[in-house]
Amino acid sequence: MSSREIIALGTSSQVPTRYRNHNGYLLRWDEHGLLFDPGEGTQRQMIYAEVTVTQVTKILVTHFHGDHCLGLAGISQRISLDRVPHEIQVHFPRSGRKYYDRLRKASIYHDVSRLRPCPIEGPGVIDEGPKLSLRAARLDHAVETYGYRLQERDGRTMLPDKLAAAGVRGPAIKRLIQEGELEVDGRVVRLEDVSVPKPGQSFAFQEMVDFLLEKQIAKYKLPERLEVRGELPTVGDSGKINKEDLKKDIAALLQAEKG
Ligand SMILES: [Zn+2]
């Protein structure tokens, strides 16, 4: 099952408060871990949130004000210390290159990390994978700033009853997805006959924050975490969300994460 959630490691700007750390957000998206704007103290916040630097596959810095990047020094060194085996691309506005370099070498350590700087030259697609693409767009701020959007490719949801009726099962399903059609017992089964389109999910954190602020939600009420769910428990067939069951589901999830 795919697991997609955002963990807010900190939501305070310029000055952290007793209860809010500097910025820092980890977006977990299937096997990916995107760390946005590691502000000061992000390493420790990750310990509280029970996530590790090995789960990070990409780092994205919107701009080089301290509350969005001072934690990069500590995170770089932790990635090295923990011997994270994979390469981690770090995206940031090109004009901030000198700050990136300083943060990477802020103090003495034996650097074995595999961080790869990927300065952004301009708006557009900055990374393209088989299932996801990542876009950067300029944001309006006092210094050069980029916002990021993760976009999943459109896919299809297979319909088990139609697959069964068409006699497609086991490894043949994968072949049908790859090839678009398949011959079963002398008949041609087309992918569109046994599946429906599934639009790719997309995520831009700023959109969520903007939406909540537009709804006049107080800043201190902004969520610390966003959990994307395929469906929600409902009260009978009414379509009304069963909040009690939802609370129980979430409590069970948190319990399971604690182990
Ligand atoms: Zn700023």
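Q: How many residues does the protein have, and what percentage of them count as buried?

A: In this predicted model, 27% of the 259 residues of the protein count as buried. The C-alpha trace spans about 70 × 40 × 40 Å along its principal axes, and the protein contains 7 helices and 15 strands.

Q: Which domains does the domain assignment give?

A: The assignment divides the protein into domain 1 (4-154 + 200-228), domain 2 (155-198) and domain 3 (233-259), and the centres of domain 2 and domain 3, taken over C-alpha atoms, are separated by 33 Å.

Q: Which residues touch the most other members of the largest nonpolar core?

A: As a general idea, nonpolar side chains in soluble globular proteins tend to be buried together. Here the largest nonpolar core has 34 residues, and Tyr 25, Leu 27 and Phe 36 touch the most other members. Among the elements that give two or more residues to this core are strand S2 (24-29), strand S3 (32-36), helix H2 (72-81) and strand S9 (145-152). A second, separate core has 5 residues, including Ala 166, Leu 182, Val 189 and Val 194.

Q: With which residues is Leu 27 in contact, leaving aside its neighbours within four places in sequence?

A: With those neighbours set aside, Leu 27 is in contact with Ile 6, Leu 34, Phe 36 and Phe 203. For the protein as a whole, 59% of the contacts with a separation of 6 or more are between residues 24 or more positions apart.

Q: In the open sheet of 4 strands, what is the order of the strands?

A: The order is S7-S8-S9-S14, with antiparallel pairing. Strand S7 (124-128) and strand S14 (202-203) stand at the edges and have a single partner strand each, so one side of each lacks a neighbour in the sheet. S9 and S14, which run antiparallel, are joined by 2 bridges, and Leu 150 stands opposite Phe 203 in S14.

Q: Asp 37 has a positive phi although it is not a glycine; is Asp 37 buried or exposed?

A: Asp 37, whose phi is about 45°, lies in the loop between S3 and helix H1 (42-48). The cut-off for a buried residue is 20 or more other C-beta atoms within 10 Å, and Asp 37 counts as buried because it has 25 C-beta neighbours inside 10 Å.

Q: Where is Asp 185 found, and is Asp 185 buried or exposed?

A: Asp 185, which is not a glycine either but has a positive phi of about 50°, is found in the loop between strand S11 (181-184) and strand S12 (187-190). Asp 185 is exposed, with 7 other C-beta atoms within 10 Å.

How values were computed
Residues are numbered from 1 along each chain as its sequence is written. This is a predicted model: local features need pLDDT of at least 70, side-chain atom pairs count only at pLDDT 80 or more; totals for chains, interfaces and linings use all residues. Domain bounds come from an automatic or database domain assignment. A residue is buried if 20 or more other C-beta atoms lie within 10 Å of its own, exposed if 12 or fewer, and partly exposed in between; C-beta atoms are placed from the backbone. Two residues are in contact if their C-beta atoms, placed from the backbone, lie within 7 Å. A nonpolar core is a set of buried Ala, Val, Leu, Ile, Met, Phe, Trp, Tyr and Cys residues joined through C-beta atoms within 7 Å. Two strands pair if DSSP finds at least two bridges between them.
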